[in-house]
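Subject: Structure handover

Hello,

Please find the structure below. My notes on it come after.

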Amino acid sequence: YVIICAPKMFSEKLNGLVYRIQPLVRHLSIIPNLVDIPMCEVEVETFFAERMMSLRMRNNLLLWYNRWLKNLLDYVGTIVGLILLSPVFLIIAILIYMEDPGPVFYKHMRVGKQGKVFPCYKFRSMCVNSQERLEELLANDESARKEWESSFKLKNDPRITKIGGKLRRTSLDELPQLFNVLRGEMSLVGPRPVIQKELDEFYKENAELYKIVKPGITGMWQVSGRSDVNYDERIAMDNWYICNWSVWLDVMLLWRTVKVVLGGKGAY
């Protein structure tokens, strides 16, 4: 079994290599230079007379029964999750209030499907006066300001409470987004919900692709390093997910999310 993976090899040289190897082996595979191209359920069509082939790709999200299945998975999974996790909700709420009295939940406006803005819910992981402390920090710390402008996150954010840090490392702060799923604003799996400024500054020509699906509680970014992944990679992951969506991809990402949450890598 021979596999040829030479993305920068010229076609003439590649053709010669294939014709030399194929008569000698039982199986020959070629990995084409199609990184990040939608390849889920791709079908190969061969045009023998023209000595050519085409790769036919299907947009699963345009099929009504696939959208129905995704919504069914969202609602069933969310209802079961809320029932099982209700004691966890209560314990987290008590711990947050005991450390820093104030609202237990926090909502932040995010962009959803078709560009509609919605309140995205989380457990509060920062001090009550977090916005004032952020403005003061960015005004006095140049390195923090540059880090914030590049990713809208701070690796060592002084506003985060002790219980908030633990919630973020385990992603438990995002559990209230299950209510967003029930409201039809989010999905269990999808692109990471972003603010309008992120969409305008980073997504640019990819913004319209982002808007055709609901953002998710988890997704490819969340299971691939989370905050350790740079923004360009994050956008590429969102695009790949949307163009390659399937029910089994959602199931796989949900399963991987459990392992990532237990490890806590890349969350801050």
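The notes run from the whole chain to single contacts.

This is a predicted model, in which local features need pLDDT of at least 70 and side-chain atom pairs count only at pLDDT 80 or more, while totals for chains, interfaces and linings use all residues. Residues are numbered from 1 along each chain as its sequence is written, and side-chain values use heavy atoms, with hydrogens and water left out.

Whole chain

The chain has 10 helices and eight strands; these are DSSP runs (helices H or I, at least four residues; strands E, at least two), numbered from the N terminus. Its C-alpha atoms fill a box of roughly 75 × 45 × 35 Å along the principal axes. Of the 268 residues, 38% count as buried (under 20% relative accessible area; exposed is over 50%, partly exposed in between; 1.4 Å probe, protein chains only).

Hairpin

Strands β5 (residues 105–111) and β6 (residues 117–123) pair in the antiparallel sense over seven bridges; pairing requires that DSSP finds at least two bridges between two strands. Tyr106 in this pairing stands opposite Lys122 in β6. Five residues lie between the strands of the hairpin, and Gln114 takes a positive phi near 60 degrees.

Helix contact

The axes of helix α2 (residues 64–99) and helix α5 (residues 162–170) come within 9 Å and cross at roughly 145 degrees. Axes are lines fitted to C-alpha atoms, for helices over the stretch in contact, with angles from 0 to 180 degrees between N-to-C directions. On the α2 side, Ile92, Leu95, Ile96 and Glu99 meet Lys162, Ile163 and Leu167 of α5 (contact: heavy atoms within 4.5 Å).

Salt bridges

The structure holds seven salt bridges (a side-chain nitrogen of Lys or Arg within 4 Å of a carboxyl oxygen of Asp or Glu). One of them joins Asp250 and Lys70 at 2.7 Å, N to O. Asp250 is in helix α10 (residues 247–263) and Lys70 in α2, 180 residues apart. Asp250 is buried, at 1% relative accessible area, and Lys70 is also buried, at 10%.

Arg124 and Asp100 form another, with the closest N and O atoms 2.8 Å apart. Arg124 lies in the loop between β6 and α3 (130–140) and Asp100 in the loop between α2 and β5, so the pair ties together parts 24 residues apart in sequence. Both Arg124 and Asp100 are buried.

Glu45 pairs with Arg56 at 3.1 Å between the closest N and O atoms. Glu45 is partly exposed at 29% relative accessibility, as is Arg56 at 43%. Glu43, Glu45 and Arg56 are linked in a network of salt bridges.

Regards
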